[in-house]
Amino acid sequence: MNAPLPRTAFKRKATRKCVICRTEFESRGMGHKACSPGCAVEVAVRARVKKEAHAKKMERRADRAKRESLKTYPQLVAEVQKVFNEAIRLRDAGKPCICCGRTETKVDGLNSHGWDAGHYRSTGSAPHLRFNEDNVHAQLVYCNRNKAGNAVDYRIGLIARIGLERVEALESDNTPRKWTHEELRAMKAHYQAKVRELRKERA
């Protein structure tokens with residue numbers, strides 16, 4: 001006598017919502033996403049548009065990477081300097097000028113047009129300290145440009161702010177430095193993140 005065949009459990013047809021019109025329909029499988037030929041055409045159109053948009057995004061990313069790889073050393077230094085200076089101004093926001101101790105931008109009847117990230121040892125005489133945070137502080141434009149950096153008063157203010165030992169370390173540091181392209185890009189990313197963080201704190 002033959003053994004009876006095992007009973008197969010009744011399998012209910014799966015229903016899902018059409019990805020286009022959200023109408024419920026009986027799905028024939030995971031790839032069946034549309035309820036009708038019209039909606040299926042729309043699914044295909046959207047998929048093509050998405051694919052083309054992704055391709056353009058990848059193309060733009062490749063173009064940016066190529067432009068970045070072609071940047072010269074001076075271009076990279078200038079980009080780091082810009083975001084570094086912004087980070088210094090944000091770091092010192094609310095502090096008085098490192099030189100004259102004023103907090104107002106109108107100085108002696110002149111409008112100083114705001115604040116610079118002023119270097120104690122200039123980038124011309126000490127380019128290796130251009131990105132040293134001890135060497136750079138918020139300085140009124142009046143002191144930095146109209147008074148050529150106001151080095152004497154800068155030193156007095158710097159000692160009061162960071163201490164004589166660190167000031168003398170800056171003054172005795174004459175070791176040349178030349179950053180690699182990769183180091184400059186990493187510094188730029190670091191200070192961009194720092195700017196975002198400082199802006200968030202002050203928001």
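Phe-84 and Tyr-191 are both buried (under 20% relative accessible area, with exposed meaning over 50% and partly exposed in between, for a 1.4 Å probe and protein chains only). The model is predicted, so that local features need pLDDT of at least 70 and side-chain atom pairs count only at pLDDT 80 or more, while totals for chains, interfaces and linings use all residues. Residues are numbered from 1 along each chain as its sequence is written, and side-chain values use heavy atoms, with hydrogens and water left out.

Four aromatic pairs were counted, a pair being two rings of Phe, Tyr or Trp (its six-membered ring) with centres within 6.5 Å, classed as stacked for planes under 30 degrees apart, edge-to-face over 60 and tilted for the rest. One of them joins Phe-84 and Tyr-191 in an edge-to-face arrangement, at 5.1 Å centre to centre and 85° between the planes. This pair links distant parts of the chain, since Phe-84 belongs to helix 2 and Tyr-191 to helix 6, 107 residues apart. Helices (H or I, at least four residues) and strands (E, at least two) are DSSP runs, numbered from the N terminus.

The pair of Phe-131 and Trp-179 is tilted, because the ring centres are 5.1 Å apart and the planes stand at 55°. Phe-131 is located in the loop between strand 5 (115-119) and strand 6 (136-140), and Trp-179 in the loop between helix 5 (164-172) and helix 6, so this pair ties together parts 48 residues apart in sequence. Phe-131 is buried, at a relative accessible area of 9%, and Trp-179 is buried at 16%. Phe-84, Phe-131, Trp-179 and Tyr-191 form one aromatic cluster.

Helix 2 (residues 73-91) packs against helix 6 (residues 181-202) at an angle of about 25°, with the axes 9 Å apart. The two helices are therefore roughly parallel (angles under 35 degrees; over 145 is roughly antiparallel, 65 to 115 roughly perpendicular and the rest oblique). Axes are lines fitted to C-alpha atoms over the stretch in contact, and angles run from 0 to 180 degrees between N-to-C directions. Residues in contact (heavy atoms within 4.5 Å) include Val-80, Phe-84 and Ala-87 of helix 2 and Lys-188, Tyr-191 and Val-195 of helix 6. The residues of this contact comprise 13 nonpolar, two polar and seven charged (Ala, Val, Leu, Ile, Met, Phe, Trp, Tyr, Cys and Pro are nonpolar, Asp, Glu, Lys and Arg charged, and the others, Gly among them, polar).

Val-41, in helix 1 (residues 37-69), is exposed, with a relative accessible area of 53%.
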